[in-house]
Amino acid sequence: VVNYEYLFYIRFKMSGEIEYEIRLSGELSTNAPSAGEDAENPDHGVLVAQNVNAQIHQHMFCARLDMAVDGDDNTVSEIDMVSHPVDPVKNPHGN
C-alpha cells in the first residue's frame, strides 16, 4: 500500500495570473522487479535497494475554474496606475 499526500498550491498574482502547482509527498510505490526483467537495472523504475524497484508512473489531474464566482454579471476592469510628479510639497517621495 502506498500513501500519498497531495499538496495543492494556488497563487493569485497581482498581474491577474493564476498559478497552479501540485506536489506529492509520501512513500515511494515499490515492487519487486518483474519476471524476466534485469533485477539490477529495471525497465520501468529505479532500483532503491536490492530487488526493490520504485516504478515510474504518472498522476493525472484536471482542474476546472468557474469564473462566474459571484453570478453571471461579472465585469473585468483594467486600471493603469500612474504616480503624480515629484513635488517637494505635494509629493516629495514620488508616490
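## Close-up views of a predicted model

Tyr-4, Tyr-6, Phe-8, Tyr-20 and Phe-61 are linked by ring pairs into a cluster. Rings of Phe, Tyr and Trp (its six-membered ring) pair if their centres lie within 6.5 Å; planes under 30 degrees apart count as stacked, over 60 as edge-to-face and the rest as tilted. The model is predicted, so local features need pLDDT of at least 70 and side-chain atom pairs count only at pLDDT 80 or more, while totals for chains, interfaces and linings use all residues. Residues are numbered from 1 along each chain as its sequence is written, and side-chain values use heavy atoms, with hydrogens and water left out.

View A. Strand 1 (residues 4–12) and strand 2 (residues 18–26) run antiparallel and are joined by nine bridges. Two strands pair if DSSP finds at least two bridges between them. Strands (E, at least two residues) are DSSP runs, numbered from the N terminus. Look for Leu-7, whose bridge partner in strand 2 is Arg-23. Five residues lie between the two strands of this hairpin, and Gly-16 in the turn has a positive phi of about 95 degrees.

View B. Strand 3 and strand 5 (residues 52–55) run antiparallel and are joined by two bridges. Within that pairing, Asn-31 stands opposite Asn-53 in strand 5.

View C. Which residue other than glycine has a positive phi near 60 degrees? That residue is Asn-51. Asn-51 is partly exposed, with a relative accessible area of 40%; buried means under 20%, exposed over 50% and partly exposed in between (1.4 Å probe, protein chains only).

**View D. The aromatic pairs around Tyr-6.** The structure holds four aromatic pairs. One of them is the tilted pair of Tyr-4 and Tyr-6, at 6.1 Å centre to centre with 40 degrees between the planes. Tyr-4 has a relative accessible area of 25% and is partly exposed, and Tyr-6 counts as partly exposed at 36%. Why is the pair of Tyr-6 and Phe-61 edge-to-face? Their ring centres are 5.4 Å apart and their planes stand at 75 degrees, so the pair is edge-to-face. Tyr-6 lies in strand 1 and Phe-61 in the segment after strand 5, so this pair ties together parts that are 55 residues apart in sequence. Phe-61 is partly exposed, with a relative accessible area of 39%.

View E. Strand 1 and strand 2 each supply at least two residues of the patch, and strand 1 gives the largest share, four residues. Met-67 sits in the segment after strand 5 and is exposed, with a relative accessible area of 60%.

View F. Arg-11 pairs with Glu-19, their closest N and O atoms being 2.9 Å apart. Glu-19 also meets Lys-13 in a salt bridge (3.2 Å, N to O). Arg-11 counts as partly exposed at 30% relative accessibility, Glu-19 at 27% and Lys-13 at 35%. Arg-23 forms a salt bridge with Glu-21, with the closest N and O atoms 2.7 Å apart. Salt bridges that share partners join Arg-11, Lys-13, Glu-19, Glu-21 and Arg-23 into one network.

**View G. Arg-23 over a ring.** Arg-23 lies over the face of Tyr-9, at 5.7 Å from the ring centre. A charge sits over a ring if NZ of Lys or CZ of Arg is within 6 Å of the ring centre and within 35 degrees of the ring normal. Arg-23 counts as partly exposed, at 45% relative accessibility.

Conventions:
Salt bridge = Lys/Arg side-chain N within 4 Å of Asp/Glu carboxyl O.
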